Amino acid sequence: MNWSGLESLLSGVNKYSTAFGRIWLSMVFVFRVLVFVVAAQRVWGDESKDFVCNTRQPGCTNICYDHIFPISHIRLWALQLIFVTCPSLIVVAHVKFREGKDAKYTASHHGSHLYANPGKKRGGLWWTYLLSLVFKAGFDAAFLYILFRIYDGYDLPKLSKCSLDPCPNTVDCFISRPTEKKIFMLFMVVSSALCIFMCILEMLYLIGKRIAKLLRVRHENERILFAEQHELTEMAPPRSQYHWVDPTLDDNQRSLTRREKIKEGSVTTAL
């Protein structure tokens, strides 16, 4: 399978992603796609050829192999990567739709734009981006659950016993390199769990940022409404225009004090 084409398609998602989304995309291609292409396919390339059961009964080995490996790890992980990366393409498609709509609006309205930035996560694009995160985390969790149910808790035993028809009795079956395959399987499981964690963090970031913005707008509207309903008027002149007068002085003393202040003011003005 050519994964470079998928990588080129998803590379445009970085322009519309948050920091958490960029980290998620890097983890997908470095820790999952790259490991899948370089190492995992070679490790599981001999699973059918080197699967051995201690019997010569025709068909017994094939039946036991199908029972122990209901679905190949390689094909299951390939499906998982395809399902996990498809929601990001929905975001890209939504942005392209906005750009086309904005181009038509600009052509018919003499250069004015419908969207200031078509890639800005507002309105319907915000919901599309949030739903893409839900789908990505949901697909990863679903495939982890399928893998857990099929292989009994992500385990690959060195010895498996099989008593299905047409086996004459209970036979022992052996898979090649079980420890190495188990290590790779656990690595893919941990990387999938980290991707789910990053999706949850990004969802919390988007929702928290949206709530903070709504609260800020609401506070600003309440402040403006309060200012309009309680317009302040100047009830008295500033305190600097008042002169303190000692209430214990009589009228002659008050007039003398007033003349002294006027004289001080004239001296100050002359200086």
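Biologist: Let's start at Lys161: is its side of the story buried or exposed?

Modeller: Lys161 is exposed, with a relative accessibility of 58%. (Buried means under 20% relative accessible area, exposed means over 50%, and partly exposed is in between, with a 1.4 Å probe and protein chains only.) Before we go on, this is a predicted model, where local features need pLDDT of at least 70 and side-chain atom pairs count only at pLDDT 80 or more, while totals for chains, interfaces and linings use all residues. Residues are numbered from 1 along each chain as its sequence is written, and side-chain values use heavy atoms, leaving out hydrogens and water.

So what does Lys161 hold on to? Its side chain meets that of Asp172 in a salt bridge, at 2.7 Å from N to O. Asp172 sits in strand β3 and Lys161 in strand β2, 11 residues apart, and the pair links distant parts of the chain. (A salt bridge is a side-chain nitrogen of Lys or Arg within 4 Å of a carboxyl oxygen of Asp or Glu; helices, H or I with at least four residues, and strands, E with at least two, are DSSP runs numbered from the N terminus.)

Now step along to Cys162, also in strand β2. Cys162 is buried, at 1% relative accessibility. Cys162 forms a disulfide with Cys64, with 2.2 Å between the sulfur atoms. (A disulfide here is a pair of cysteine sulfur atoms within 2.5 Å.) The torsion about this S-S bond of Cys64 and Cys162 is about -90°, so the disulfide is left-handed. It links distant parts of the chain, since Cys64 belongs to helix α3 and Cys162 to strand β2, 98 residues apart. Cys64 is buried too, at 0% relative accessibility.

Which other cysteines pair up? The count of disulfides comes to three. One of the others joins Cys53 to Cys173, S to S 2.0 Å. The torsion about the bond of Cys53 and Cys173 is about 105°, so this disulfide is right-handed. Here again distant parts are linked: Cys53 is in strand β1 (residues 52–53) and Cys173 in strand β3, 120 residues apart. Cys53 is buried at 7% relative accessibility, and Cys173 is buried at 1%.

Then Cys60 is joined to Cys167, S to S 1.8 Å. With a torsion of about 95°, the Cys60 and Cys167 disulfide is right-handed. Cys60 lies in helix α3 and Cys167 in the loop between β2 and β3, so the pair ties together parts that are 107 residues apart in sequence. Both Cys60 and Cys167 are buried. If you number the bonded cysteines in sequence order, the pairing reads 1-6, 2-5, 3-4.

Setting aside neighbours within four places in sequence, Cys64 is in contact (heavy atoms within 4.5 Å) with Phe51, Cys53, Cys162, Cys167, Val171 and Cys173. Cys64 and Phe51 are also the residues with the most contacts inside the largest nonpolar core, which has 44 residues. Helices α2 (19–43), α3 (60–68), α4 (73–108), α5 (124–150) and α6 (178–229), along with strand β3 (171–174), each supply at least two residues of that core. The largest share, 10 residues, is from α2. (A nonpolar core is a set of buried Ala, Val, Leu, Ile, Met, Phe, Trp, Tyr and Cys residues joined through side-chain atoms within 4.5 Å.) In soluble globular proteins, nonpolar side chains tend to be buried together.

Asp155 and Lys182 meet in a salt bridge through their side chains, 3.2 Å from N to O. Asp155 is in the loop between α5 and β2 (159–162) and Lys182 is in helix α6, so this pair ties together parts that are 27 residues apart in sequence. Asp155 counts as partly exposed at 31% relative accessibility, and Lys182 is partly exposed with 30%. So that's the picture around your lysine: Lys161 itself is exposed, while Cys162 is buried.
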